[in-house]
Structure formats: structure tokens, C-alpha cells
Amino acid sequence: MRSIAIFIILLFCLSSQAQTVSTSKPWTYWWWMGSAVTQEDITVQLEGFAKAGLGGVHIIPIYGVKGYENDFVPFLTDHWLKVMEHTVSEGKRLGLGVDMTTGTGWPFGGPNVTKQMAAKNISFKDGKWTILPTKQEVKRAAPGGEGLVFDPFHPTAMADYLVRFDSAFVHAKELPRAMYMDSYEAYGANWTDDFLKEFKKRRGYDLQNEPTLLTDTTGKSESVLVKIDYHQTLSELLRERYAHEWTKWSKEKGFLTRYQAHGSPGNLLDLYDEADIPETESFGTSRFAIPGLRIDSDYSIKQFGTPNPLAMKFASSAAHFSGKKLVSSETGTWLANHFKVSLSQVKPQIDELFTGGINHIFYHGTTYSPVKETYPGWLFYASTNFGPASHFAEHFSLLNQYVERCQKLLQESQPDNDILVYFPIHDLWSTPAKSGGGVHLLEVHHVDRWLLQLPFGQLTTKLWKEGYAFDYVSDRQLSRLSALKSGEVSSGKSTYKTIIVPPSKYMPDETLNELTRLARLGANIIFAEHLPTNVTGYHLNVPRQKEFLTKLNDLKAKNAGVIVSKDWLAALQKHGVVKEQWARQGLTFIRKKSADKSLYFITNLGDTFKEGWIHAGKLGMDIERYDPLTNESVPMSRRTEKGESQVFLKLLPGESCFLRSSVKKAESPFISKAEKQLVIDGAWNIEFLKGKPSLPASGKLIKAGSWVSLSDTARYFSGTARYSLDFDVTEELLSSNSIILDLGDVREVAAVKLNGKEIGTAWSIPFQLKLMPDILKEKGNKIEIEVTNLSANYMRLRDRQAPEWKKFYDINIVDITYKKFNADNWEPMPSGLLGPIRLLY
């Protein structure tokens, strides 16, 4: 009996030490500048993260802060490991997970990388090969992490690099959840010591005998084939020697892996597939046509592309194909200039990520800053500040609650995509490379430079806009597919109604063999517009090309499930693929399934839809709308129109919701009515409550508007002010059973009280709150709205009077154009309640 009691006590102790880590809550990058951290401040900041609703942190040691050199903690020293273990231990206490980069800065490299291991570049000039080191060093390295970037194609460089971590972790008692590898960025690397040997073994001929074909710029067919072979060899070596070796080591050590494969010359699908958690990147700001959504004027530069869900789907496709639960994203990088990002700008970007299949958000990000440090503290050069010194810190938990509710549903459901789109990467490799080193780097910042120009990109863009649910598949992944009796194909984790091959020219014979295998088993395969015309591979190409064409003709002629058609959309319909019609109405979505029931996340990222009857999709008879912003579910009215099941959806620009099966029916049928409004206007009293540099004097505006017009002090104020007004309403409004308070243009967050009662906080477009009719009276209503603005106006003054906060090594702090940051010449940004303020009923 005593032994049982002891066992129970031990079990309780163990369980209390290993609290559950939440992946439904958003996590954040956490930059350790110079790793000048203390256990005391780590604890304070982790407690703040937990209180704000974060689920975990990702430690990234980077360059340091001037004046703190004596506090720098070199990477992987005993001291560094001690503070890392403290972080993990405190994270467990608080229910926070901890990940870390397998290195500092990016990409992988450091002091243990020898010249022989370092990245290499080859060029062919004046009739001879020239092999030189790229000399690239780790970007934004932390103390103890400086050194050369290692050769990502080298046979032993990854293993040699990881020896340093083996030694460091051998006695560690507390280790992170996951290791992380940042986007590729090994610029100019295109060679390795045994490349010629590996090339001949894999491609069947000596590349050194064909140097002019590799460098030819006339586009002759033999040269194109050699360049494809060259790229394919690089791609294979990168996966086998870089991604696979790193994930294998991490698994042996008990770590999960998060991997940003993009930016590399490999097939992204195969690289993402290596990781436990494939990770994409949302860099810059999308140009959504949401009324009231601001785009930073500095984005007129052509330096950045825009986030694109078709790029995000490389990571989510790999996860769906292999049954990985989590797909993460670096989120919010350079949404706007420093001190100018609002929560209302963050939400649409996250909604777009959700529709792209992402369900594990990592904010980019938060900088460790000593508690004693004066405002604005330590800042990373290229982030949206999600830290405790951010102007939206007080309301950050509202965004996190929203993300958590969304991610919980998205993580607990399974993908439900009908189409598997073959990614013909060899067609990309057949085109001239636009990046340095003569290789194609598949980066997410400018998908217009590669993805969108391909027939693959044009086809998937059409699928996306037309409302089809799809994933991508690589040449290598095809071998893992099996065909079902229904003509569908299965990866063992996900099932698809058909494979579609975009219009393409080049295809490996191994790929054709896999498609033939599947077709003979009855799989549905669609070739859009035409069959490929050329087999890849320079070696023995003439006889292989002849055999390739014969196999293609047999594939088409002998398999009933194979369709070659210019009208490939009709072919999809023939295979039973579902077209979600609301996409044509301007709505963006992802379809999932849970317990064989469909689940949709739908977001309105445009300005063409506001409300109306929409097709019910794959949902059952009774449907409810779940609002993750308010955590409320409402049964939806439905009708049958011309044999089609429809539901009435109101979803304004900027809003999002889930549609799912319901156990309740709508209480009454929908009755369309014109919306009426009552404008709340008059002279607004404004009282400044808290902020910096000092509180302006109270004032009055004859109508809702920006407080910067009140005084010179108000022009530099960052903080919170209360707008208040007395107003009357009509008897007709009081009799309404549905009243919405529409705040119009809010800069940036508004907490509302009506007749002394808290109504809620509006932080995202369209800045609306629901009201209960009984809270209003016909005469003498009092509305109080506390509005918090950005910190940009204060930084105009701070940068003029005391710019000493910009004291960081390396790149220091730059603006969105990567020039020295200077806010003192900014114009004042509108702040407060711009309106119009209306009651809709």
C-alpha cells in the first residue's frame, strides 16, 4: 500500500513538472540580443507571455547591444546552457513551450566550420572551372555563433556541424521541444567537393565533359537538359545531406523539427516533408481590398513582394500529404514600419495563413529586453514588435484569444482537399535562373519571379479563385500514393479524388512510370491542356525520348481514368471534385473535416461580399456559424433554391468565421430587411488617460476625429484617451432585437462603455460591437470610448530628442526600406476615433 502511495506521489510530481504545452495558442520568436539575458528577467518576461495568451517561445540568439558587452553570454557555453535550461523549466511551470534555432542568426554555420566545410561557388570562364568559397558568414550571428556558413551539399558538413551541439547537450537536463532551421539563404552556394562524382553516379555522365552546356545562354535543348540535371543533383544532395541529416539528428536527440525550406534550390515539397512541422513565412503585407485597411506608404518600394497563399501551400501540402498535425509560419515580418503596426493589420494576414493551411502561428516577433531598460527597449531590426513594450501590448491578448480559438479547430480537424496538383519543378529548372550562382532559389518573398509565371502557378491560381480545395505533390512523393477502387488516390494519410498535371514540357521517366502505375490501378489523372513533351536527362536522351513518347501514348490510350483536356475544369467535375461557389463571391476559405463532418474557415479579405445567400458546400442539413472573435455560435437560416441548399451569411470585409454542422435549427426563417442607422454625433469630450511623453489637456471636438488636431502636445502623444458623448435614440431603434455599434475608422483599439456598462473592445476591422437593446434608453444615453493609438507619434519626438535607444550591433535598427531608421521627419498619424459612429438596426 505504501509503495502504491509513493508511486502516486511520484506520478503527480512528474505530471506537475511536465505541464501540457499549448500549440493552439500562438507562439513567438524571441530574440536574445547578445544572449545578454538573466534568469530573473527571463522569468518576468515568460510570465508576461503566459498572461498575454501565448503558447510558447522560440529562442534565437542574435547580435548584441552596445554597452552590454560585459553581459554577453557566448552561445552554447555552460552559462548559455544554464539560462536556456532555466527558460525551458520556467516554460513548463507556466505551460509555455520552448523551441530554439540549431545555431545563431541564419543560415547554419559558426566557429566550428572550417574552410573545407564552407559553402562553395563554381563558375566556368575562359575555358576552365573556377571553384571559390562564397565567404558568406552567419547573418546576424550572436556572440559565440560567428563563423562561415557551411556547404549545404557537403557529405559530412551537417554531421560535423552538429558535433558541437552533441557536446553541449550531453549533460543538459532541460531541453527545448523543437529545433529550428531558418530559410535557406546560402547565397551563391552551388557546388560541393564530390559534386562531379555524385553527378555522374546519379545522372550517368561526366558533367566536366559538358562545361559549355552548363553555361550556355542560347537555350539550346542539350544545354537545357544539362541544367535540369545539375539542379536535380543539387536538390537531391540538399535533401539527403542537409535537411534529412538535420531532422534525423534532431529525432535521435528527442527534438521535433520546424523547418523553413523555402529560399533553397531544392524541391520544397520534399524538403518540407522532412520536418515534423513544416514552416512557411509571411513576409511583408498583402494588398487586401478591405475598406479601412492601411498599407504603409513605404511599401511603394519594389524591395518586397507580397505574401501569397500559393506559396504557403507548399508547407501545408507536405504536412497534409504525410499526416503532420502542425504547419507553422513566421508571421508578421515587416507588416509596416516600426511603431506603425496595428492589430487590425495583423488579423487579415493571419486569416490568409489559415486559408493556406497554416495552423501554428509564430509571431515575428519579440525581443528580450531587460526589465530595467527604458522605452522602447531592445528591438529587432525587421520585426513587428509583439513584445511588452508594444503599443498594443495591453490588448495583445485579444488577438491571441482569436488565434487560439481558430487554431484549436484547425488543429483538431483533418485536411479535406479533392485535388493533388503535380509540381513540375523540372520546367522551372529549364528556365534561366534569376538568382546569384546560376541556381533557382524558390523563395516566398517574390513568388511572381518564379511560381506565378509557371503554368503550374497559373493553374493553381485559377483553382484558388474558382473555389477548389487542393494540395501539391512532388515527383518523389508520387511513389507513396496508392489507388483506390473509386479512382481516388491515397497517401496513407490523405485521400484525393484526382491528380492533375499542369501544362508542362519536361517530366522524368520515373515520374511517368509512377503515373502509369497509378493509372493501371484505376486512378483518376488529368493532364491539363496537353501531355508533357520531353523526358528529362541528357544521358542517352534520344532513345529515352522515343520510349517516353511511347509510354505517354499508352498511358492515354489504355487507361480510362486518364483525361487529357483543355477543359480541365470540366474534367475535375467529372471526377466528383467539389467547387465551393462562395470563392467566386469574393470569400476565401479552407475546408477541413472532423469526425467525417465538414468544417469551413471562411474569411472576407476583399470588398465584393457583405451578405447574401451562399451555397452550403459539403455541410449537412443544420449549420451553425461560429465566430472566433466573440466565441459565439449561431444556427444559420437555410433555404433550397433551384434544388441547391443555401445558407444566409453576413460576413463584412475583414470578418471571418467557421461554418460547421449544428445540433440546433435556426429558430425562425430568415427575413431580409433593409438595415437602418442612427448616427451618434455631436461635440465629443476628450480626456487623456495614460501615455507618453505627457498627458495633453482635455479638449473637445465638434465631431468625431483625430486628437492630433487638439494641440502640439497631442500631436506627439502615444497612449489612451477617452471620447465621451451624450445622445438620444428613437423608439423605433429601441424596439429592434438586433443593434450593432459601428465605430467606423478607429485608430487603433477602442474599449466601449455605454451607460456605465462595458460593451467590449473593438480591435479589428470592421470595428463593430453587438448591443443588447435593454442597455439603451430613449433619452440621455452616455457613451464612453477609450481609444489607444500607435507609438509612431511619440517616436517622432523621441527620435528627435533622445535617439540613443538605437544602439544595436550589426544592422542596428533600420526602416522598412533598410535605410537608417529616423522617425523625426514623420507626419503625425491620425489617432483616436475618426468615425462615423453609428447604431445599425
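Predicted model: local features only at pLDDT ≥ 70, side-chain atom pairs only at ≥ 80, totals over all residues.

Biologist: How do the ring planes of Phe 165 and Phe 169 lie, stacked or tilted?

Modeller: Rings of Phe, Tyr and Trp (its six-membered ring) pair if their centres lie within 6.5 Å, and planes under 30 degrees apart count as stacked, over 60 as edge-to-face and the rest as tilted. A search of the whole structure finds 65 such aromatic pairs. The centres of Phe 165 and Phe 169 are 6.1 Å apart and their planes stand at 55 degrees, so this pair is tilted.

Biologist: By about how much of helix H4 are Phe 165 and Phe 169 separated?

Modeller: Helices (H or I, at least four residues) and strands (E, at least two) are DSSP runs, numbered from the N terminus. In helix H4, which covers residues 157–169, the two phenylalanines are 4 residues apart, so Phe 165 and Phe 169 are separated by about one helical turn.

Biologist: Is Ser 831 buried or exposed?

Modeller: Ser 831 belongs to the loop between helix H19 (792–801) and strand S43 (832–835). Buried means under 20% relative accessible area, exposed over 50%, and partly exposed in between (1.4 Å probe, protein chains only). Ser 831 has a relative accessibility of 2%, so Ser 831 counts as buried.

Biologist: Which side chain does the side chain of Ser 831 join in a polar contact?

Modeller: A polar contact is a pair of N or O atoms within 3.5 Å; within protein, one must be able to donate a hydrogen and the other to accept it, and residues adjacent in sequence count only if both atoms are side-chain atoms. At 3.3 Å, the side chain of Ser 831 makes such a contact with that of Asn 793.

Biologist: Which residue of strand S9 stands opposite Met 181?

Modeller: Two strands pair if DSSP finds at least two bridges between them. Strand S8 (residues 178–181) and strand S9 (residues 256–259) pair in the parallel sense over 4 bridges. In S9, the residue opposite Met 181 is Tyr 259.

Definitions and conventions. Residues numbered from 1 in each chain as written. Heavy atoms only, no water.
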